[in-house]
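Please look through the structure shown below and follow the report one topic at a time. Each part takes up a few residues or elements, so that a picture of the fold can be built step by step.

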Amino acid sequence: PHRVYTDFELMDNKGKVKSLDQGYKYAEDQMYMNALSVFLPEWQNSMYVPAGYNAALMYLGLGKYDQAMDLAVEVYETTGSNDAYLLIEKMNRILVTQQQAINQITGEKTGQYSPTEVIL
């Protein structure tokens, strides 16, 4: 195995929801838990796609892969956002590759990483 880096970009605050400004600053400073505490409540209150999308990315940055995938799926199922769908695909590819690398190191059979059942 070798190390691979993948970049994710935050979704722009298209509606300019002022309450999210601090979340973007936290994310820029790699303070993912603080950013999550801004993005997640906004998603839960308003179902604003960038807030949910970015909250999923914060979970991912924190290594909480199941929560990241669950939230990305929730955003997609709730809004039909193509961006959320593409995020799910990208995260799934990365998680599968990561699991394959782990399996190679541990000698386990190679299989699909499936933190949740994602049927789209």
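This is a predicted model: local features need pLDDT of at least 70, side-chain atom pairs count only at pLDDT 80 or more; totals for chains, interfaces and linings use all residues.

## A serine between two helices

Not counting residues up to four places away in sequence, Ser81 touches Val49 and Tyr76. This serine has its place in the loop between α4 and α5, and it counts as buried because its relative accessibility is 10%, where buried means under 20%.

## The chain as a whole

The chain contains 5 helices and 0 strands, and its elements, read from the N terminus on, follow the order α-α-α-α-α. Of its 120 residues, 34% count as buried. The chain exposes about 7,500 Å², and carbon and sulfur atoms supply 48% of that area.

Contacts can also be sorted by how far apart the partners lie in sequence. Among contacts between residues at least 6 apart in sequence, 51% join residues at least 24 apart.

Within α2, the buried residues are Ala35, Leu36, Val38, Phe39, Leu40, Glu42 and Trp43. An α-helix has 3.6 residues a turn, so residues three or four places apart point the same way. The buried residues of α2 pack against α1 (21-28), α3 (49-61) and α4 (65-79).

Leu40 is one of these buried residues of α2, and, leaving aside its neighbours within four places in sequence, Leu40 is in contact with Ala55, Tyr59 and Leu71.

In soluble globular proteins, nonpolar side chains tend to be buried together. The largest nonpolar core in this model has 31 residues, and the members that touch the most other members are Leu20, Phe39, Leu40, Met58, Leu71, Leu87 and Met91. At least two residues of this core come from each of α1, α2, α3, α4 and α5 (82-106), while α3 gives the most, with 9 residues.

## Aromatic rings and a charge

A pair of aromatic rings is described by the distance of the centres and the angle of the planes. The structure holds 2 aromatic pairs. In one of them, the rings of Tyr24 and Phe39 have centres 5.2 Å apart and planes at 90°, and the pair is therefore edge-to-face, since planes over 60 degrees apart count as such. This pair links distant parts of the chain, with Tyr24 in helix α1 and Phe39 in helix α2, 15 residues apart. Both Tyr24 and Phe39 are buried.

The pair formed by Tyr76 and Tyr85 is tilted, with 5.4 Å from centre to centre and 50° between the planes. Tyr76 counts as partly exposed because its relative accessibility is 24%, and Tyr85, with a relative accessible area of 26%, is partly exposed as well. Another aromatic ring, that of Phe8, has the charged end of Lys90 sitting over it, 4.3 Å from the ring centre.

## A buried asparagine

Is Asn13 buried or exposed? With a relative accessible area of 6%, Asn13 is buried, although it lies in the segment before α1. When its neighbours within four places in sequence are left aside, Asn13 is in contact with Leu20, Asp21, Tyr24 and Tyr48. Among these partners, Tyr24 is the residue whose ring pairs with that of Phe39, and Leu20 is one of the core residues that touch the most other members.

## Two residues with positive phi

Most residues other than glycine have a negative phi, and most peptide bonds are trans. Gln30 has a phi near 60°, a positive value in a residue other than glycine; Gln30 lies in the loop between α1 and α2, and it is exposed, with a relative accessible area of 60%.

Met47 is found in the loop between α2 and α3, and its relative accessible area of 37% makes it partly exposed.

Conventions: Residues are numbered from 1 along each chain as its sequence is written. Side-chain values use heavy atoms; hydrogens and water are left out. Buried means under 20% relative accessible area, exposed over 50%, partly exposed in between (1.4 Å probe, protein chains only). Helices (H or I, at least four residues) and strands (E, at least two) are DSSP runs, numbered from the N terminus. Contact means heavy atoms within 4.5 Å. Rings of Phe, Tyr and Trp (its six-membered ring) pair if their centres lie within 6.5 Å; planes under 30 degrees apart count as stacked, over 60 as edge-to-face and the rest as tilted. A charge sits over a ring if NZ of Lys or CZ of Arg is within 6 Å of the ring centre and within 35 degrees of the ring normal. A nonpolar core is a set of buried Ala, Val, Leu, Ile, Met, Phe, Trp, Tyr and Cys residues joined through side-chain atoms within 4.5 Å. Accessible areas come from the Shrake-Rupley method with a 1.4 Å probe; for residues, only the protein chains shown count as cover.
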